[in-house]
2 protein chains.
Amino acid sequence: MKIALAQLDYHVGNFEANAAKIIKAINEAKLSGVQLIAFSELAICGYPAWDFLEFDDFIAQCEKSIKTIASHCTGIAAIVGGPCRNPLKNGKNLYNSAWFLSEGTVQQMVHKTLLPTYDVFDEYRYFEPNTQFNCVDYLGQKIAVSICEDLWNLSEDPLYTKNPMDFLIKEHPDFAINIAASPFSFSHDASRMAVLRNNAKKYNIPFFYVNHTGAQTELIFDGASMVVHPDGSYLKMSFFEEEIRSFDLRKIKEGNFPQSDKQGKYELITQALIKGIQDYFSKMGFKKATLGLSGGIDSAVVFALAVKALGAEQVLPILLPSPYTSALSNNEAMTMVKLLGTAHKIIPIAKVMTSYSDLLNPHFEGLKSGLAEENLQARARGTILMAISNKLDYILLNTSNKSEMAVGYSTLYGDSIGAFSVLGDLYKTEVYELADYINKTWNNCIPELIISRAPSAELRPDQKDSDSLPDYSILDAILYQYIENRKGPDEIIQMGYDATTVHKILKLVNQSEYKRFQAPPILRVSDKAFGIGRRLPIVAKYLA
Amino acid sequence: MKIALAQLDYHVGNFEANAAKIIKAINEAKLSGVQLIAFSELAICGYPAWDFLEFDDFIAQCEKSIKTIASHCTGIAAIVGGPCRNPLKNGKNLYNSAWFLSEGTVQQMVHKTLLPTYDVFDEYRYFEPNTQFNCVDYLGQKIAVSICEDLWNLSEDPLYTKNPMDFLIKEHPDFAINIAASPFSFSHDASRMAVLRNNAKKYNIPFFYVNHTGAQTELIFDGASMVVHPDGSYLKMSFFEEEIRSFDLRKIKEGNFPQSDKQGKYELITQALIKGIQDYFSKMGFKKATLGLSGGIDSAVVFALAVKALGAEQVLPILLPSPYTSALSNNEAMTMVKLLGTAHKIIPIAKVMTSYSDLLNPHFEGLKSGLAEENLQARARGTILMAISNKLDYILLNTSNKSEMAVGYSTLYGDSIGAFSVLGDLYKTEVYELADYINKTWNNCIPELIISRAPSAELRPDQKDSDSLPDYSILDAILYQYIENRKGPDEIIQMGYDATTVHKILKLVNQSEYKRFQAPPILRVSDKAFGIGRRLPIVAKYLA
């Protein structure tokens, strides 16, 4: 049997485009002799559709799509992910299902059993867990079909009380197909490999695994679909690109595939961020990006990524110098503009600052200049960037990093604005490593001085980040333990960090929740990004 | 037996304060002869604690609190809500539990079976559902203890596949206690009444129900704890206030309680919003509020509520007239300031607008004035309000309503800013009704002209909301069908609304998702508020 995995980039709710893409793949596969083609989880409607799944009209559109697609499944079978109404009175009204289509119609549905409800996942919000288990019979083969999380319960501390494969394996399936919607994090491909290998080994059959590719706002799907043999060897498809690849089942059963090299952390992150930028623009119908280019490392990295993602002619960096902006900042920003060959604008903000001061000074009499004045600069810049965005149809890219978002070292409605955040899931120390990777890969497009200078927001004379924060190497290490690893203060202090610093930082993180609540969506590249995957109350008083 | 229900206002993560409050209630109840006192769901840590529940340190603090509280339970028993670690290897690591404490120690735990995972609720994100059912035996009485949602599965379309009470009733309990964390919406008290009556009738025993009161950022708990007899009569405690009330079990078993009058929609909403404002300030440690007072109805209503919640001396309205602001707006805003007796500031924004124009006009050459210029005004106002907030320690109240948030009729980083939104869950037509209620109740503090004038953002000469939107009566009705009732376009059109209008509005709603993503938290008063309870993807292409 010839089996194809279709790793495609869907658009949430764009039924026509998604169905057209699926039907095209089916027709082409049929022409090339494929007998079974598998598409990823909830491919019909895109993932994550979130609360659109609560709309009867949305589900009706899914059903219509499935029917249309089924009508193209003659001489070929397809497995397509889509929601399915629960016919029983009790329980949630939907299943998250794999639809088995052949002979022009729906032959069987397999429902998802294990519903990820953690981090960015909310599946039990919508779906009833499956309780009945049957393999799919097709052309003399017995196929154990499952959906993403269904395979993810073999760990030391299993989240669920059963394993769907334990039921399916009783029918002695010849192989397994898992359709997935598994978003990227820089360590996630390794986790997926381990899970698939564990399953292939435990159940002693080959596993076909097909994932989404492409970005849906903050979630970036990396594809990396694969076939894994019980011997541990695997065949992996491309990262972040659409690909349809077919496999000869007889060959697959033999295993012993040649293994390819792994990609590095920053190679994957770079590809992810580029795809994240590209898909936001293409799915929203936008072309042009703007950003504030400060001469610091964060905006430099965003600038480089935007140019790579959209092309130099589509990116407009804007320099917004204030009286506190150093010559170094202006010079290096301009050097980078020239290196990347984009247009640019320079809009000094001193006069706007003065007009605000004239207006506000009577109300601030007797008070020392401080945070309010620093924030004014950031907000004047934000207002100018948004005016350019509104007037000239540029989409504003946010340039904040994860470290400053964590401790609230940013101005709400000032530098925290933008359509989405490119670097908001990378700690400052990771931004430096990413800059190094970019310079190695793209011909040193980030001037060395931007990388080597001391970080500063330049909101007052001679300001340095290190005036108010510990060294980023320490800050980021503490943040990582707290945010990614959910360690408490005592545990972090026991790792050898200074107690006062730890308490101060954790307090800053929790007190800044109100700022992050209003932050733009953040391209997710780690296992724990700020945003929908990390939900915390604002008025809480824990470590704050 | 004398049973007390303790309806208290907890602070998420503030273990010391929460435990102190619980212990004080236990000691006082004991002195007044109470034998059993019940506290609400997750009282130990506050509700919703959200992802703090993923921190081992947070759970350890819960356990410490429970132990301390248990040590005070001598001569009295207490039921206290708190998380409980799941000792089994499989499944989620926590239960959402009712801890039965007496004789100075933990006697029994009852775990929650039905885990609400919809709207603002994410309980399956954290908790394993219970599968074992036992009543609590105490002083010769058998008590069916359950937790909130456990009673909510008797509807026509049940969300879950079992009813915990069906198991507990087999032990022939004498009465039931349900500990809850059930947030306010203006129709929710009626729903709760119906649920408790259905349960009391079906299982033929009295139900004691204890809820939280007080606000946790956007979620406002209304208390309204009660005892419901199988005969359908009930005793209800106060709305939105802390109260501990004790009941004689023998009397309760007799039923036939005298019934009190129901409160009206806007009476409840007014109380909810006041509590929402008060608790945000008290839990965050803030005192003073500011807002932009435009002379329109939204800011007038927020102004009135803020004065009622915080006191006139704590509220600073700021008039920010532009050249497009009418004399009517300025006059009526000042009339209201005088009526409410607060301080105020008038800060005309023309000069700041000019300084932005001077800066930007060279970049906008040949382009007509339009949206960008309108947004500039809103953002200049936002920047000034935030400067006052930062400098003079005022917390900025957002004044947007649900209709404009729905269709994106607001300026991101302009009028959409603030620490939280007071009216963001009330449609414009509801804001008018609320204004009427406020005027009837508080001595006409909102000038009649503010209510009767045509709504306008006053961002260009003679602008009216009706230039670009249908009448609010039509707009709000369509929005309600789409947002609250999740009706699709065809269903709404079939109700008699103009097809072009319906499609246009639904498109505006879905295209504005990116603005709402960055909106402040919104005090929730309906069954479907924007925010954490309504999750939608930004790049989606559904009805957009």
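Student: Where in chain A is A:Pro48 found?

Tutor: This is a predicted model, and in it a cis peptide bond joins A:Tyr47 and A:Pro48. The omega angle of that bond is about 0°. As for its place, A:Pro48 is found in the loop between β2 (36-39) and α2 of chain A.

Student: Which residue does a cis peptide bond join to B:Pro48?

Tutor: In chain B, B:Pro48 lies in the loop between β2 (36-39) and α2 (56-71). The cis bond there has an omega of about 0°. The residue that this bond joins to B:Pro48 is B:Tyr47.

Student: Is A:Asp119 buried, partly exposed or exposed?

Tutor: A:Asp119 is found in the loop between β5 (105-111) and β6 (136-138) of chain A. Its phi is near 45°, a positive value in a residue other than glycine. To count as buried, a residue needs 20 or more other C-beta atoms within 10 Å. A:Asp119 has 19, so the class is partly exposed.

Student: How many other C-beta atoms lie within 10 Å of B:Glu458?

Tutor: B:Glu458 is found in the loop between α13 (448-452) and α14 (472-483) of chain B. Its phi is positive, about 50°, although B:Glu458 is not a glycine. B:Glu458 is classed as buried because the number of other C-beta atoms within 10 Å is 22.

Student: What is the distance in space, C-alpha to C-alpha, from B:Leu291 to B:Phe303?

Tutor: B:Leu291 has its place in strand β15 (residues 288-292) of chain B, and is buried, with 23 other C-beta atoms within 10 Å. Not counting residues up to four places away in sequence, B:Leu291 touches several residues, among them B:Phe303, B:Ala306 and B:Leu396. B:Leu291 and B:Phe303 are 12 residues apart in sequence, and their distance in space is 7.4 Å.

Student: How far apart in space are B:Ile252 and B:Met334?

Tutor: B:Ile252 is in helix α5 (residues 249-254) of chain B. With 19 C-beta neighbours inside 10 Å, B:Ile252 counts as partly exposed. Leaving out residues up to four places away in sequence, B:Ile252 touches B:Pro206, B:Val227 and B:Phe247. B:Ile252 and B:Met334 are 82 residues apart in sequence, and C-alpha to C-alpha they are apart by 54 Å.

Student: Which residues touch the most other members of the largest nonpolar core?

Tutor: The largest nonpolar core has 370 residues. Leaving aside neighbours within four places in sequence, A:Val301 is in contact with residues including A:Leu423, A:Val431 and A:Ile446. The residues that touch the most other members of the core are A:Val301, A:Ala306, B:Val301 and B:Ala306.

Student: What is the radius of gyration of chain A?

Tutor: The C-alpha trace of chain A spans about 85 × 50 × 50 Å along its principal axes. Of its 544 residues, 58% count as buried. A compact globule with 544 residues would have a radius of gyration near 24 Å; the value for chain A agrees with that, at 26 Å.

Student: What distance separates the centres of domain 1 and domain 2 of chain A?

Tutor: Chain A has 17 helices and 19 strands. The domain assignment gives domain 1 (2-255) and domain 2 (284-517). Taken over C-alpha atoms, the centres of these domains of chain A are separated by 40 Å.

Student: Which element gives the largest share of the side of chain A that touches chain B?

Tutor: 80 residues of chain A are in contact with 81 residues of chain B. Elements that give two or more residues to this side of chain A include α2 (56-71), α6 (265-284) and α10 (371-392). By class, the side has 43 nonpolar, 17 polar and 20 charged residues. The largest share, 14 residues, comes from α10(A).

Student: What axis relates chain A and chain B?

Tutor: A rotation of 180° with 0.0 Å of shift along its axis superposes chain A on chain B, with an RMSD of 0.0 Å. In chain A, the C-alpha nearest the axis is that of A:Gln518, 2.1 Å from it. Also, 100% of the interface residues of chain A are interface residues in chain B, so the copies meet through the same surface. The relation given by the rotation is that of a two-fold axis.

How values were computed
Residues numbered from 1 in each chain as written. Chains lettered and ligands numbered in written order. Predicted model: local features only at pLDDT ≥ 70, side-chain atom pairs only at ≥ 80, totals over all residues. Contact = placed C-beta atoms within 7 Å. Helix = DSSP H or I, 4+ residues; strand = E, 2+ residues; numbered from the N terminus. Nonpolar A, V, L, I, M, F, W, Y, C, P; charged D, E, K, R; others polar. Least-squares fit on C-alpha atoms with pLDDT ≥ 70 in both. Buried ≥ 20, exposed ≤ 12 C-beta atoms within 10 Å, placed from the backbone. Core = buried A, V, L, I, M, F, W, Y, C linked by C-beta atoms within 7 Å. Rg over C-alpha atoms; globule rule 2.2 N^0.38 Å. Domains from an automatic or database assignment.
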